[in-house]
Amino acid sequence: MPKRYIYQFEEGDWRNKKLLGGKGASLAQMTQLGLPVPPGFTITTEACRDFYAPRKEEIDKIVKELERNPPPKVRDELIRKIWDIINTLSLPEGLSEQVKEHMKKLEEKSGKKFGSPENPLLVSVRSGAAISMPGMMDTVLNLGLNDEVVKGLAKLANNEWFAYDAYRRFLNMFGKIVLEIPDKYFEEEFNKADEAFRKEAMEKYKDEIEAIKEKYPKYTLRLDAQPPREVAPKTWELAVKYLKEVVEKFKEIIKKHWGEFPQDPWKQLELAIKAVFRSWMNPRAIFYRIANNITPDVADCTAVNIVMMVFGNMGWDSGTGVYFTRDPATGEDKPYGEFLPNAQGEDVVAGIRTPLSLDELKKTLPKVYDQLIEAGKKLERLNKEVMDIEFTVERGKLYFLQNRAAKMTPAARVKTAVDMAKEGIISKEEAILKVSPDTVLKLLYPRIDPKAKAEPVAKGLPASPGAVSGQVVFHPDDAVAWARKGKKVILVRVETKPDDVHGFYAAVGILTSRGGMTSHAAVVARAIGKPAVVGAEAIKIDYDKKEFRVGDIVVKEGDWVTIDGNTGNVYIGKVPTVEPELIPELQTLLSWADEFRRLGVRANADVPDDAIIAKKFGAEGIGLLRIERMFRKPERLEALRKVILAETKEEREEHLKRLSQMIKPDFKEMLRIMDGLPVVIRLIDPPLHEFLPAPEEILKELYETKVAYYTLKSTEIAREVASEVLRKYEERIKELEDLLKRVLVLKEHNPMMGHRGVRVGVTYPEFYYYLARAMVEAAAELIKEGYHPKLEIMIPQVSHVNEIRYVKNKAIIPAINDVEKELGVKVPVKIGTMIETVRACLTAAEIAKEVDFFSFGTNDLTQATFSFSRDDVENKFMPQYLELEILPYNPFQTLDFEGVGKLVEIGTKEGKKANPKLEVGICGEHGGDPRSIEFLHKVGLDYVSASPFRIVVARLAAAHAAIKEKLGKL
Ligand code: PEP
Ligand code: MG
């Protein structure tokens, strides 16, 4: 028994889009609902797969090459190769017979006959994959016409113009799509005829043209728009004559480029089916699938729908249109769409004439309008989707040709999901699942105005979303100075250091030519919600000249550029942007998400501004406060440097006391903003030398000071009058030499694995003591003022439990005890650790007994697990790793489930087993990534912590995970 490849619309299971394709399924659904659909049947996607099967491997290999985005010439050759292979294929066994059988049924249903001039059945042959790929594949209309049938059609419709217009359209489409003849040949001929027709009509039938103008002011004379016969019969006749000539010319073109036009409708049908199968491998379709990551498990090959033709071009009571059940731009619950009278489907797409709005359709064809709207609402309820419906009206009778889920803007997606849940069409859970977490992110940042026609000059990584224009500056200090003058600046750097952060705050955006998604610039920009594009390598920066070059373009300090942190694009000049739409429906949706999610959501926030934004977006506390940013003020940095450079413990303690008093107010402010909510403050983490000047800088100053000193000393007057100045120079030289010595001692080959994190706390327990003291004092003072701070102190970079024991006993617990004693209040403090080394994960059971909480630092943990430097990989080998599919995705963005994820799972499970009260969170960048959040939900974390703008993403993603788990889909 040959396989069954065909289903009539009455019999196909419309839930099975994979088999019938989206269009086929929708036609089956509407037919079975009793809506007026022209009769027809669907050839399944399985038939298409079987069609490709004999040469699939070869084709797949070529598609793989296309995925690498080769240069246009190579790309075109590869596509040609694919098509040459496809053109050797034949329809799968048994399909032709089944097509014949089902065409018979179609003839019975329609009461017409395929190929019969008396009562001809014409069909459309339409593509349609499991998911909609609008306009990417091909469709042939009016199939079944030939030299005889066209005469019959003319008689039947009592309209030669209509019949020959349909024929010339068919020849053109068939020639182009099925026979691969370039469209331009047809276009040239048609344009010639169109021009000649208009010229002749104007010359010969001026009076008629005038009459048309009077009666149909909207009509323009052209060969593809039927002249109103009752007003202008001679012009009409003339158009028919020209159309007949065009038909002959088109057949000649076909003969010249392919061979005699196949008059046999069955031959036409066979060729058209093959062509629609082939259109799955259209360059458009291939690249659409690559761009949208449509893999075979989502959609594999196209179905072919064979549908009886209905005609929208049969007169002014006919037409074709598109109807959205709600406004796809705003989400408003109002029918939205267009109707083009007296036209066939492709005229709407081609934009030949301006269509009418649906309101106008309501006036001209009220019954059709009512029927349309009623059916739309019915389909919306049934499919639980905003619908996009294609329809045709033939002599006042409505036909549905397709329905599909409407594509909408992010704002409309959120609004319609919430509205539909409120209307009871879908549940709250379904509404949440309809909005992908990344969609909401797009609602929170300014975007490049979609109407702006700007070409990017470079592309980097979209490190922090938002689009913004500003004047270029190259130094953080300049950023501050310019911003003070009220200028909007974009800070352009090769890469950034913690020292640059004041420039970040002053700038409206950050652009770097080096660095990856977790580079300093990227992390900080995301944390403070500044748009950033990093690693735009095409940009060559010259700090001395204060300019950058990109290709031939030179951009100087003060010139305007626009960066788009949503796409990574960089533009020259000001490109208009549109403001974020903070719609109330998003608030509603997020509040529903909160009802379902199990994971808590906290924020990575270091300064009050971040904390305020985070709270506004719904953060339930702070999961990571990196104190390093508190040392960036000059007097604090100075104090910290003195701590680092101190030679004795006493000296160090003296500076530490001062430093801790300086940062205490900041801790207090953060705890106050988050009153009643947990705030995790991390003890100092980065390598100490990062807070000191670079050796080259010291050497430069030393050299300059020495030159000045010796020059002055060698002069006569110096000895007499400048001894004081000379003494100052000598002091400075000594200071600089000491500093250089100390900096060189602190210098490490591998600072990321060096003297940082808890190791600093072990070597200088007083360091951790005073930092902890500042935190506890801040909390104690707040308690006295009537607040409820929930302080959680976190120890970074731990690899052995003994490190924790040591700093707890030597620094943190004494700090708590001392403050409690001195201030006379009990301060509830949790002590926890970051888990960011492999050893910490593997010994989690032991560590868990010593702490109240874990927080996975998956930035460092990923670095440690892969042995990939997080600051370097993304501009070195990561792009190639991704392109070659050595890695499926960037593990610094989405958690590597099998490796790093496994460590997280082990750490969580063992930790919780050893200490059931242990609270487990994550504060690496993955805490704001939807796919990672799903995984973290599964392995049993208690909360995620994400940068402020990602809080909404995390809330929604956490709800998605919980709901999917409930549905057994996780
Ligand atoms: C981490 O390593 O994941 C982390 C949050 O710490 P940082 O990025 O500050 O090293
Ligand atoms: Mg870390």
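What you have is a predicted model, where local features need pLDDT of at least 70, side-chain atom pairs count only at pLDDT 80 or more, and totals for chains, interfaces and linings use all residues. Residues are numbered from 1 along each chain as its sequence is written, chains are lettered from A and ligands numbered from 1 in the order in which they are written, and side-chain values use heavy atoms, with hydrogens and water left out.

Let's start with the aromatics. Rings of Phe, Tyr and Trp (its six-membered ring) pair if their centres lie within 6.5 Å; planes under 30 degrees apart are stacked, over 60 edge-to-face, and the rest tilted. By that rule there are 25 aromatic pairs. One of them joins Phe-617 and Phe-949, which sit edge-to-face at 5.4 Å centre to centre with 65° between the planes. This pair links distant parts of the chain, 332 residues apart: Phe-617 is in the loop between α23 (608-616) and β27 (622-626), and Phe-949 is in the loop between β33 (943-946) and α39 (951-966). Helices (H or I, at least four residues) and strands (E, at least two) are DSSP runs, numbered from the N terminus. (Buried means under 20% relative accessible area, exposed over 50%, partly exposed in between, with a 1.4 Å probe and protein chains only.)

Now look at Phe-897 and Phe-935. Their ring centres are 4.8 Å apart and their planes are at 20°, so this pair is stacked. Phe-897 lies in helix α37 (residues 897-914) and Phe-935 in helix α38 (residues 930-938), so the pair ties together parts that are 38 residues apart in sequence. Phe-897 is partly exposed at 24%, while Phe-935 counts as buried at 11%.

Two packed helices are described by the angle between their axes and the distance between the axes. Axes are lines fitted to C-alpha atoms, for helices over the stretch in contact, and angles run from 0 to 180 degrees between N-to-C directions. The axes of α37 and α38 come within 11 Å and cross at roughly 45°, which makes α37 oblique to α38. (Under 35 degrees is roughly parallel, over 145 roughly antiparallel, 65 to 115 roughly perpendicular, and the rest oblique.) On the α37 side, the contact is made by Phe-897, Gly-901 and Val-904; on the α38 side, by Arg-931, Ser-932, Phe-935 and Leu-936. Contact here means heavy atoms within 4.5 Å.

For another helix pair, turn to α26 (residues 695-713) and α28 (residues 723-746), which pack at an angle of about 155° with their axes 9 Å apart. That makes α26 roughly antiparallel to α28. The residues in contact include Leu-699, Leu-702 and Tyr-709 of α26, along with Leu-726, Ile-733 and Leu-740 of α28.

Last stop: Ser-799, in the loop between β29 (790-795) and α31 (801-823). At 21% relative accessibility, Ser-799 counts as partly exposed. Leaving aside residues up to four places away in sequence, Ser-799 touches Thr-837, Arg-839, Ala-840 and Thr-843. Ser-799 and Ala-844 are 45 residues apart in sequence and 9.7 Å apart in space, C-alpha to C-alpha.
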